[in-house]
Amino acid sequence: MVGEDLEWLLLLLHQLVVWGAAGAMVFGGVVPYIPQYRDIKRTQNAEGFSSYVCLMLLVANILRILFWFGRHFESPLLWQSMIMIVTMLLMLKLCTEVRVLNEVNTKRCSFSDFDLNCFWHWSRFTDYVQCVLTFTAVMGYITYLSLDSVLFVETLGFLAVFTEAMLGVPQLYRNHQNRSTEGMSIKMVLMWTSGDTFKMVYFILNQAPLQFSVCGLIQVMVDVTILLQVYIYSGYRQKPVPHTTQTASAKAL
C-alpha cells in the first residue's frame with residue numbers, strides 16, 4: 001500500500017514537472033521583452049531596441065509553424081511560436097508609435113511603396129502587418145506545394161531555428177559599432193540567456209529535431225557574447241541615445 005502511494009506521488013510530481021516545463025517553454029520566451037516594453041513605454045524612446053529583433057522572430061516563428069505541418073514536434077513549441085508572434089506584433093506597434101512621435105523627418109514610408117530603402121522602417125503599424133501576412137501567405141503556399149519533399153521540410157526547420165539563433169547578432173553588431181550598450185535592457189539579455197539555456201536543455205531532453213538543439217547552442221553563445229559586451233563597454237563612456245534618429249539597429253530579447 002505504501003509502495004503504491006509512493007509510486008502515485010512520484011508520478012504526480014513527474015507530471016507536475018512536465019507541465020511546468022511545458023508552461024515555461026510556452027510563455028518563457030516572451031518574458032524577457034516585458035522590461036524592454038515597459039522601458040520604451042516609460043521613456044517614449046525606442047532607439048535602444050531594434051525593430052529587426054521583431055523581424056527575425058516573426059520570420060523564425062512563422063517558419064517554425066510551417067515546419068510543424070511537415071514534421072510534427074512538441075505542442076509547447078508550437079504554442080510558443082504563436083504567442084511569440086503576437087508579442088512581436090505588440091512590440092512593433094509600440095516602437096512604431098514612439099518612433100513616429102519622435103521623428104523630425106516628415107517623410108512617410110509604406111509597405112505598398114515597395115521601396116527597399118524603407119524596408120522595415122515604415123510609418124504605420126498596418127504596413128508591418130501587411131508585410132507579415134504577405135510573407136506568411138507566400139511561404140504557406142510554397143510549403144503546401146512542397147510538403148512531400150523531405151529536403152524542403154528539413155531545410156524549412158533549419159531556417160526557422162537558425163534565424164532565431166541569429167537573433168542577437170544585429171544587437172551584437174550595434175553594440176560593437178557604438179562601443180556601448182546604452183539603451184539595451186540588461187535584464188532582457190539575462191532573461192534571454194537563462195531562457196535560451198533552458199530551451200536548449202528542453203530540446204535535448206525531449207529529443208527535438210537536431211536543428212533545434214544545434215541552433216539553441218548557437219543562440220546561447222550569442223547571448224553570452226552580448227553579456228561580455230556589457231562588461232567590456234562598461235569602462236567606456238556611454239553615448240547618449242538619440243531621440244530623433246529615424247531608424248534603430250538590432251536585437252534586444
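**Ser 110, helix H5 and two loop residues**

User: Where does Ser 110 lie?

Analyst: In this predicted model, Ser 110 lies in the loop between H4 and H5.

User: Is that serine buried or exposed?

Analyst: Ser 110 counts as buried, because its relative accessibility is 14% and the cut-off for a buried residue is under 20%.

User: And what does Ser 110 touch, leaving out residues up to four places away in sequence?

Analyst: With those set aside, Ser 110 is in contact with Trp 122, Arg 124 and Asp 127. There is also a polar contact of 3.2 Å, which joins its side chain to that of Ser 112.

User: Asp 127 is in H5, so which residues of that helix are buried?

Analyst: The buried residues in H5 are Asp 127, Tyr 128, Cys 131, Val 132, Met 139 and Thr 143. They sit on the same side of H5, because the arc they cover around the axis is only 135 degrees.

User: Why would residues three or four places apart point the same way?

Analyst: An α-helix has 3.6 residues a turn, and therefore residues at that spacing point the same way.

User: How far apart are the end C-alpha atoms of H5, and what should its residues span?

Analyst: The 22 residues of H5 should span 32 Å at 1.5 Å a residue, and this agrees with the end C-alpha atoms, which are 32 Å apart.

User: Changing topic, which residues does UniProt annotate as "transmembrane region"?

Analyst: The annotation, which comes from an unreviewed UniProt entry, covers residues 12-31, 52-71, 77-95, 125-144 and 211-233. Of these, the span 52-71 is 95% helix and 0% strand, with its end C-alpha atoms 28 Å apart, while the span 77-95 is 100% helix and 0% strand, with its end C-alpha atoms 26 Å apart.

User: How exposed are Phe 114 and Gln 44?

Analyst: Phe 114 is exposed, at a relative accessible area of 67%, and Gln 44 is partly exposed, at 31%.

Conventions
Residues are numbered from 1 along each chain as its sequence is written. This is a predicted model: local features need pLDDT of at least 70, side-chain atom pairs count only at pLDDT 80 or more; totals for chains, interfaces and linings use all residues. Side-chain values use heavy atoms; hydrogens and water are left out. UniProt positions are given in the numbering used here, feature names are shortened, and annotations may be inferred rather than shown by experiment. Helices (H or I, at least four residues) and strands (E, at least two) are DSSP runs, numbered from the N terminus. Buried means under 20% relative accessible area, exposed over 50%, partly exposed in between (1.4 Å probe, protein chains only). A polar contact is a pair of N or O atoms within 3.5 Å; within protein, one must be able to donate a hydrogen and the other to accept it, and residues adjacent in sequence count only if both atoms are side-chain atoms. Contact means heavy atoms within 4.5 Å. The expected span of a helix is 1.5 Å times one less than its number of residues. The arc is that of the directions from the helix axis to the C-beta atoms.
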